Amino acid sequence: MSSRLGTMAKLLNGVWFLCILFSFIDLSIGKSIQKKNVLVIVGDDAGFETQVYNNTVCQTPHINNFAKRSLLFKHAYTAVSSCSPSRSAILSGLPQHQNGMYGLHQGYHHFMSFDEVQSLPLLLKKAGVRTGIIGKKHVGPESVYPFDFAETEENNSILQVGRNITKIKELVQQFLGSSDTRPFFLYIGFHDPHRCGHTHPEYGNFCEKFGNGEKGMGIIPDWKPVLYKPDEVELPYFVQDTPAARADLAAQYTTISRLDQGIGLVLKELQSAGHENDTLIIYTSDNGIPFPNGRTNLYEPGMAEPMLVSSPDVTKRWGDESNAMVSTLDIVPTVLDWFNVSYPKYKLLKKDVKLTGKSLLPVLAEEPNTNWDTVFASHNLHEITMYYPMRVIRHKNYRLIENLNYKMPFPIDQDFYISPTFQDLLNRTRDHQPLHWFKTLKQYYYRPKWELFDLNKDPLEASNVANDDSYAPILKDLRTRLLAWQQETEDPWVCSPDGVLEDSGAYKEHPQCMALDNNL
């Protein structure tokens, strides 16, 4: 009997051990497949006209509330100051000169990323993540940027999916209401506060009248328009102080408030669907605001972006600010890190590809002391006629800009040209009237090859010190860093404008810049 009892006890102990073992295995498996999601919200030409970035006039209560659950980055930058190229950088993690989206995607501009680019939606789709996009896409080809759920300008009116915040809310409901149980990545590209005087002038310079309930404007049920007086706007230093420019900014403010209300609706839908506490949320913009020195420029107003990141996993820095310099190139590595997806090894144009951005997740937990003091940007075109390539490094308190096509005047895009702000500058210049601006149009058009700014002493970037001998060591250091980044990202413009890159045939293994002797 005792031997039987002993045997029984051993069996029970064994069963108990196996139960405990399997419970741990089950817990570990559950943890490895824990559902985690990502929501990326991108404003269109959105800047710092929000209360969280110290604008006291423009009303943005929903962004204010979101900031309480986020880490706010004070030094975030775009990788390129143009719509399609910037979105290609956000979604591929590669600068435009590397991914191939050199200019705008739509219409006769027709730029595309290279077919072999491994974009974020493509990688996540392969990893079993459900992907969705609502609003402005503005990149291609479809094979590179595929989404499971897509309601964009490609199959809708951009006004409806980019500015009608009720429609956007309903599309978010549709996406989140799916029976698909996979983790999701949802990208929302608002079209506010982009200018629309070039495409839809009947709705105002920023489409600020679209959906406001007035005759012929339609109505957006969830939008409560906020109007601003020109004399109350906070004038940025890079915009002239004139009635025309102030009225332009007042119209922009109205669409920023609509963007804010749209963000509030999206976040409310996320909460209602039960995903507030399992979703990483990133809010940023594609490029600078559409004013002088802004979009299509790589001065501070064209390159600096708002960025707020909220992680439900790390809450101790919610409501805090970070001084780390970050880039829109950091979004892909951040999202891949969140989903625990590795970036693949592959080649573009027979050259190895690697990300130069970094995951922001560690910064959400602790402010870094080193290695977050440098960002880069590159720009080739905006519209097809606007060839003005620039390469930029922002390192600590210095910005160095290389203007490759500096013998030509800086180009002006279509919707900015007809804007009240630019027309005001143009007409005042023609009439020899005071501009009330910190530059002249001639200075704006014609730029030297190298522009170096000491932002501690010159935050307005009004004094180029590239030819100042006392800054020679800094200029040399920044040029070396910039060249290294161009080489690391396989920049085809690395030898321009005074040389030709030979990187095939006899020079395949050791590419060289061959001098043109063109005195540039």
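I began with a term: a salt bridge is a side-chain nitrogen of Lys or Arg within 4 Å of a carboxyl oxygen of Asp or Glu. This is a predicted model, where local features need pLDDT of at least 70 and side-chain atom pairs count only at pLDDT 80 or more, while totals for chains, interfaces and linings use all residues. I number residues from 1 along each chain as its sequence is written, and side-chain values use heavy atoms, with hydrogens and water left out.

**Entry: salt bridges**

How many salt bridges does a search of the whole structure find? I got 31. I then picked out a few.

Lys136 and Asp44 join through their side chains, 2.8 Å from N to O. Lys136 sits in the loop between β3 (130-135) and β4 (149-152) and Asp44 in the loop between β1 and α2 (61-67), so this pair ties together parts 92 residues apart in sequence. (Helices, H or I with at least four residues, and strands, E with at least two, are DSSP runs numbered from the N terminus.)

Lys136 counts as buried at 6%, and Asp44 is buried at 0%.

Next I looked at Arg246, which forms a salt bridge with Asp241, the closest N and O atoms being 2.8 Å apart. Arg246 is buried at 17%, whereas Asp241 is partly exposed at 39%.

Arg295 and Asp415 form another salt bridge, with 2.7 Å between the closest N and O atoms. Both Arg295 and Asp415 are buried. I also noted a network: salt bridges that share partners join Asp44, Arg87, Lys136 and Asp286.

**Entry: strand β1**

I turned to β1 (residues 37-43), where 7 of 7 residues are buried. Asn37, Leu39, Ile41 and Gly43 point one way, and Val38, Val40 and Val42 the other.

Which strands pair with β1? Two strands pair if DSSP finds at least two bridges between them. I found β6 (residues 279-285), parallel over 7 bridges, with Ile281 as the bridge partner of Leu39. I also found β5 (residues 184-189), parallel over 5 bridges, where Ile188 stands opposite Ile41.

**Entry: Met325**

My last stop was Met325 in strand β9 (residues 320-327). Met325 counts as buried because its relative accessibility is 7%. Met325 and Ala76 are 249 residues apart in sequence, yet 5.8 Å apart in space, C-alpha to C-alpha.

Notes:
Buried means under 20% relative accessible area, exposed over 50%, partly exposed in between (1.4 Å probe, protein chains only).
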